[in-house]
Amino acid sequence: MNKETFQQMLAEKGIDLSSQQLQQFDRYFHLLVEWNERMNLTAITEEEEVYLKHFYDSVTAAFYIDFTKPLTVCDVGAGAGFPSLPLKICFPNMHVTIVDSLQKRITFLQHVVDELQLENVSLYHDRAETFAKRKDKRESFDLVTARAVARMSVLSEFCLPLVKINGCFVAMKGAQLESELEEGKKAIAMLGGELIANHSFTLPFEESERNITVIQKVKPTPKKYPRKPGTPNKQPLGT
């Protein structure tokens, strides 16, 4: 996916990028490749691959969810900034909080945020399990998202405690979603969530399956969740 196709395909979905936003994506790409030589951020470094599999793929969440209103969004395990930073470039009104367990990734993301002059982006070096225990963060976000971080039974325990009542947890998933949802439905219910929608589509050009899964927070998450770091992965809820 070259830059022109990227711009055109987003425009077809009602997302019109200004020259400044296109420059921000271009700078983001170059920073990603530059820093990737020093640390392992991504295996995808060819420009057209980055635009398709990182930038466009991240923005697909906005095809199904309204990001035009000023949402507070938390991205759990953002890695090199996906999906939150491409979404932030497209929708500057978002207030973004990024949580990642590796300090070097946070250092990279801070550099990107500074270089792109993105406002209202907060970065936290923390584990999802401890971040969700902070009184000022717990159940405080309109939307919490994660892309390819863990299976749904585990991911729900990382993300749902951060979602405010009536807010949403949006998981960006690949082809294994059906089995993950079946395995994770008990965990989702235990944590106060309810599956309200799943949007399946294929990523252009490479034709791989993608899913945008929307889980609404319908009741408070019990205070004992998330459990201590490492436990959700070792002992997924409801399995």
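How many residues does helix H3 have, and how far does helix H3 reach from its first C-alpha to its last?

Modeller: A note on the basis comes first. This is a predicted model, in which local features need pLDDT of at least 70 and side-chain atom pairs count only at pLDDT 80 or more, while totals for chains, interfaces and linings use all residues. Residues are numbered from 1 along each chain as its sequence is written, and side-chain values use heavy atoms, with hydrogens and water left out.

Helix H3 covers residues 47-59, has 13 residues and reaches 17 Å from its first C-alpha to its last. Helices here are DSSP runs of H or I with at least four residues, strands are runs of E with at least two, and both are numbered from the N terminus. The reach of H3 is close to the 18 Å expected at 1.5 Å a residue, where the expected span is 1.5 Å times one less than the number of residues.

H3 is mostly covered, with 10 of its 13 residues buried. Buried means under 20% relative accessible area, exposed means over 50%, and partly exposed lies in between, with a 1.4 Å probe and protein chains only. Among the buried residues of H3 are Val-50, Leu-52, Phe-55 and Val-59, and also Lys-53, His-54 and Asp-57. Contact means heavy atoms within 4.5 Å. The buried residues of H3 pack against the helices H1 (3-12), H2 (19-36) and H4 (84-90). They also pack against the strands S4 (141-147), S5 (163-173) and S7 (209-217).

Now the surroundings. A nonpolar core is a set of buried Ala, Val, Leu, Ile, Met, Phe, Trp, Tyr and Cys residues joined through side-chain atoms within 4.5 Å. The largest one has 55 residues, and Phe-67 and Phe-108 have the most contacts inside it. Leaving aside residues up to four places away in sequence, Phe-67 touches Ala-61, Ala-62, Val-73, Leu-87, Phe-91, Met-94 and Leu-143. A second, separate core of 29 residues includes Val-99, Val-154, Phe-169 and Ala-171.

Glu-180 counts as buried because its relative accessible area is 7%. Its side chain makes a polar contact with the side chain of Lys-173 at 2.9 Å; such a contact is a pair of N or O atoms within 3.5 Å, and within protein one must be able to donate a hydrogen and the other to accept it, while residues adjacent in sequence count only if both atoms are side-chain atoms.
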